[in-house]
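This report describes nonpolar cores and aromatic pairs. Please examine the structure before reading on.

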Amino acid sequence: MSQEQEDIIEGIRWNESGLLPAVVQDARSLEVLMVAYMNPESLRLSLESGQTWFWSRSRSELWHKGGTSGNTQSITSIHYDCDSDTLLVKVLPEGPACHTGENTCFYREIPLSHPAVAAQKAEPARTAAELADERRFAVLGELERVIAEREIERPEGAYTTYLFDKGVDKILKKVGEEASETIIAAKNKDNAELRLEVSDLIYHLLVLLQERKLPLDEIMDELSARHERPRRD
């Protein structure tokens with residue numbers, strides 16, 4: 001646990017029972033899977049293990065989601081709201097979230113009859129998966145934009161500024177180091193570590209692309225063109 005993580009946990013507004021609700025969302029489809037409760041210890045376990053841990057109010061004990069069923073949830077991010085009293089946990093689920101076997105605990109719907117609502121529902125709408133596809137790589141575009149700003153503004157103390165000041169050789173060295181660490185994490189079959197190392201590798205690759213003035217869009221275009229080419233096998 002880092003000091004920053006500990007400071008955030010200390011700053012969260014836990015209720016009188018030392019708990020707060022955690023909304024669990026599929027990181028790919030953005031579907032809300034479940035709502036459970038966390039206490040400081042379960043949040044620490046979640047951060048340390050990379051999988052969701054909660055506090056059972058009925059059993060008064062910690063529980064590891066999927067610890068018995070195998071339906072674990074690998075965490076991609078944890079956010080806390082503006083009042084610091086609710087968590088949003090985005091995950092990659094290994095199986096259904098609900099004990100009934102449904103993918104989400106919110107599988108039952110109350111029918112709506114208001115004309116305005118009915119008319120809206122009748123319109124063709126993009127599915128959650130389609131919306132997720134649009135947002136899935138939005139963070140790469142935002143990261144590319146921030147890196148470009150860092151190169152221009154060179155804010156003092158920023159790591160990205162340090163890389164640009166040192167030049168392409170330093171950037172290439174970091175790309176190589178992160179690639180090696182990614183390989184080691186994969187060989188060790190440590191997905192939590194692999195997630196971190198791949199994230200570091202992608203970041204340094206984006207810094208390299210900015211240094212070379214090669215837009216990410218050109219990489220995406222190249223990948224798209226390869227996908228559209230006729231298969232040779």
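Which residues do ring pairs link into a cluster? Tyr159, Tyr162 and Tyr203 are linked in this way. Rings of Phe, Tyr and Trp (its six-membered ring) pair if their centres lie within 6.5 Å; planes under 30 degrees apart count as stacked, over 60 as edge-to-face and the rest as tilted.

The model is predicted: local features need pLDDT of at least 70 and side-chain atom pairs pLDDT 80 or more, while totals for chains, interfaces and linings use all residues. Residues are numbered from 1 along each chain as its sequence is written, and side-chain values use heavy atoms, without hydrogens and water.

The whole structure holds three aromatic pairs. One of them joins Phe54 and Trp63 in a tilted arrangement, with 5.1 Å centre to centre and 40° between the planes. Their accessibility is given below, where buried means under 20% relative accessible area, exposed over 50% and partly exposed in between (1.4 Å probe, protein chains only).

| Residue | Relative accessible area | Class |
|---|---|---|
| Phe54 | 0% | buried |
| Trp63 | 24% | partly exposed |

Phe54 also touches residues including Ala22, Val24, Met34 and Leu62, not counting residues up to four places away in sequence; contact means heavy atoms within 4.5 Å.

A nonpolar core is a set of buried Ala, Val, Leu, Ile, Met, Phe, Trp, Tyr and Cys residues joined through side-chain atoms within 4.5 Å. The largest has 17 residues, and Phe54 and Met38 are among those with the most contacts inside it. Strands E1 (20-26), E2 (32-38) and E6 (87-93) each give two or more residues to this core, and E2 gives the most, with four. Strands are DSSP runs of at least two residues (E), numbered from the N terminus. A second, separate core of 12 residues includes Leu201 and Leu216.
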